[in-house]
Each structure stands twice: as C-alpha cells, then as structure tokens.
Amino acid sequence: MAQLKGRIHSTESCGTVDGPGIRFIVFMQGCLMRCIFCHNRDTWDIHTGKEVTVDELINELLPYKSYMNASGGGITASGGEAILQPEFIRDLFRACHEHGVNTCLDTNGYVRKHTPVIDELMDATDLVLLDLKQLDDDVHQQLVGVSNHRTLDFAKYLQKIGKRTWIRHVVVPGYTDSDRSARLLGEFIQGMSNIERIEMLPYHELGKHKWTTMGEAYPLEGVEAPPKETMERLQKILLEYHPKVIF
C-alpha cells in the first residue's frame, strides 16, 4: 500500500527553540491563519511545498536520534500549520515512537472539525506547543484574520484529555502588550493542570524579508520589538496565574 504523503515547506536538523532539547523540526506547508507578524509567510499556500512520505522523513531524522535523545529532544511538527495534515502527522509521530523518538506538535489549534483523527494524533503526541495569540476575539481577528473560538475550544480539549501543553504567546506592540491582554490570557489558563509553562515570545521582524520577496507590504512596518520592561511587566502579571512564565 502506498504511503500517505504530506506536504512540507522544509526541515531543520538541530532546532533548539521549538520544544525541549535538540529537535528535528518539520515545517509543514499550509496555514489558514493570516498573522500580520508571521515570520513564515511563505508557508501559507496549501498547494505548494514538497510532497514527502513518512519513511523519507524518518530516514532524514534518524542520523540525529542520539543527539536528540541525549538532550531530551525529539521531533517537532511545526509550520505553516501542522494540524491541517492530521493523518500524516499522526502516522509520522507513530513511526517516531516506533524508533524511540519523542514527539511534539507546534500548533495554532485551529481545528475546523474534530474528528477521530485528532484523537489519534493526540495519542501519538507527547507534548503540544499551543499558540494562544489573543484572548480578546475582536483583537484576535485584527491580528490573525480569524476568530479565536476554535483555538480556545482546542485548548479546553487538551485540558480535558490531560495532554502535556506549553502555551506560546507572542507579545506584539499595540496588539498583545497590554495588562488587560495578559490578564485575559492568565484567567483563561488558570486551573488548567495540563499546562506546564507559558513562553512569552517578543515580536520580531526577522521574517519581514519573506513578505518583501513575495512582493507584499509588511503589515507591521516600523513596529519595534517590545522593550524588556514590557516583557517583565507582562511576565509579572502572568505569574499571578501560573508559576512558570518565561521569555
């Protein structure tokens, strides 16, 4: 039987910022959100990228297995948005487990329809990195172009099944850097026992050149990274709701 193929943008052999330890990162192709701060603008189109099989990716990552395992790392499916290809990621993660490789899903949680495949994917996922971009839905729509309802429903689902989760939250000046924004996030995650940490990620424009290369205007032209004082203020607020908040 022919293997199911996935559509990827690229891979990174020794990533260190997308989950614990040294990780093999698979950047999946395609995303339905339109984040104005996106640093992977070239991953949005669901019809481009490269088609690969699970075996091809497994063969690419296995040479790094000893380094990954020694560091407490593994594989991370990122994007784009990996959860748009749930069957492929499920099969990839199952194969990784057969080879003793830890699995991590980096996702925006935008699940259009909860099918049994999502449950199967979660069974094969050791850790979820969930992007919670903004709890105020009006601001969320300005920031990423869609409602946050599906993402919040997915977060509640992760809590229900007890899935180990790290929350990732990008601090974007003018959109997510207010005290109110931090408190809304804190109030939402408070009491969710499956959440192990909150990663506050300061906005940056390192992906600006990708927008330019594609002939598009960069939406946050002139917006600078939030100062350390802002990050510290928001961290202090979030620490009222969760004991482990880092940036």
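This is a predicted model: local features need pLDDT of at least 70, side-chain atom pairs count only at pLDDT 80 or more; totals for chains, interfaces and linings use all residues.
Residues are numbered from 1 along each chain as its sequence is written. Local features need pLDDT of at least 70, side-chain atom pairs count only at pLDDT 80 or more, and totals for chains, interfaces and linings use all residues, while side-chain values use heavy atoms, with hydrogens and water left out.

Start with α6, a 13-residue helix covering residues 149–161 (helices are DSSP runs of H or I, at least four residues, and strands are runs of E, at least two, numbered from the N terminus). From first C-alpha to last, α6 reaches 19 Å, close to the expected 18 Å (1.5 Å times one less than its number of residues). Its buried residues are T151, L152, F154, A155, Y157 and L158 (buried means under 20% relative accessible area, exposed over 50%, partly exposed in between, with a 1.4 Å probe and protein chains only). They pack against β5 (102–107), α4 (116–123), β6 (127–131), β7 (165–171) and α7 (179–189). After α6 comes G162, with a positive phi near 70°.

Next up is α9 (residues 228–238), where T230, M231, L234, Q235, I237 and L238 are buried. Down the helix axis these residues fall within an arc of 160°, so they line one face of α9 (the arc is taken from the directions from the helix axis to the C-beta atoms). The face turned away from them carries exposed K228, E229 and K236. Cover for the buried residues of α9 includes β7, α7, β8 (195–202) and β9 (245–246).

Finally, N108 sits in the loop between β5 and α4 and counts as buried because its relative accessibility is 4%. Neighbours within four places in sequence aside, N108 is in contact (heavy atoms within 4.5 Å) with C31, M33, E81, L130, D131, K133 and T151.
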